[in-house]
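This report describes the fold of one protein chain. The sequence and the structure come first, and the text follows.

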Amino acid sequence: MTITHQTPVIIRRISDLRDNHITLGLFCLECDRWGEIEPQSWLAEGKPDLNYVEQRFKCNQCGGRATKQVRPEYTGLGTGTAYVGK
Ligand SMILES: [Zn+2]
């Protein structure tokens, strides 16, 4: 019997987002508006170890607190056929 040890995926830092191909979506309830954090631009500013979980992102329009949502990197719509008719 083989026992496989799985390493948990911990996504806490900006570099983790990059390494796991994940982007961070931000939503402002007040404005009903979505935004997205680009890990690349944070990395370019030399903040790979920044803990985004602790960050409080503000909406740049109303100044309200934005809600975070971790998302897989967008790779475009699939070209496969999802539904087959008769
Ligand atoms: Zn807002």
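## Terms for the hairpin

Strands here are DSSP runs of E with at least two residues, numbered from the N terminus. Two strands pair if DSSP finds at least two bridges between them. The model is predicted.

By these terms, S1 and S2 make a hairpin, and 4 residues lie between them.

## Order of elements

The protein chain contains 2 helices and 3 strands. Read from the N terminus, its elements follow the order α-β-β-α-β. The chain has a radius of gyration of 17 Å, well over the 12 Å that the globule rule gives for 86 residues, so the chain is more spread out than a compact globule.

## The sheet

The 3 strands form an open sheet with antiparallel pairing, and their order in the sheet is S2-S1-S3. Strand S2 (33–37) and strand S3 (67–72) are at the edges, and each has a single partner strand, so one side of each has no neighbour in the sheet. From one strand to the next, the twist averages 30 degrees.

Strand S1 covers residues 22–28 and is joined to S2 by 5 bridges. The link between S1 and S3 consists of 6 bridges. S1 runs antiparallel to S2, and the S1 and S3 strands are likewise antiparallel.

## Residues that face each other

Which residue of S2 is the bridge partner of Leu24? The partner is Ile37. Leu24 also stands opposite a residue of S3, namely Val70.

For Gly25, the residue opposite in S2 is Glu36. In a regular strand, side chains alternate between the two faces of the sheet.

## Extent, burial and contacts

Taken along the principal axes, the C-alpha atoms of the protein chain fill a box of roughly 50 × 45 × 25 Å. How many of the 86 residues count as buried? The share is 8%, where a buried residue has 20 or more other C-beta atoms within 10 Å of its own.

Among contacts between residues at least 6 apart in sequence, 64% join residues at least 24 apart.

How values were computed
Residues are numbered from 1 along each chain as its sequence is written. This is a predicted model: local features need pLDDT of at least 70, side-chain atom pairs count only at pLDDT 80 or more; totals for chains, interfaces and linings use all residues. Axes are lines fitted to C-alpha atoms, for helices over the stretch in contact, and angles run from 0 to 180 degrees between N-to-C directions. The radius of gyration is taken over C-alpha atoms; the globule rule is 2.2 Å times the number of residues to the power 0.38. A residue is buried if 20 or more other C-beta atoms lie within 10 Å of its own, exposed if 12 or fewer, and partly exposed in between; C-beta atoms are placed from the backbone. Two residues are in contact if their C-beta atoms, placed from the backbone, lie within 7 Å.
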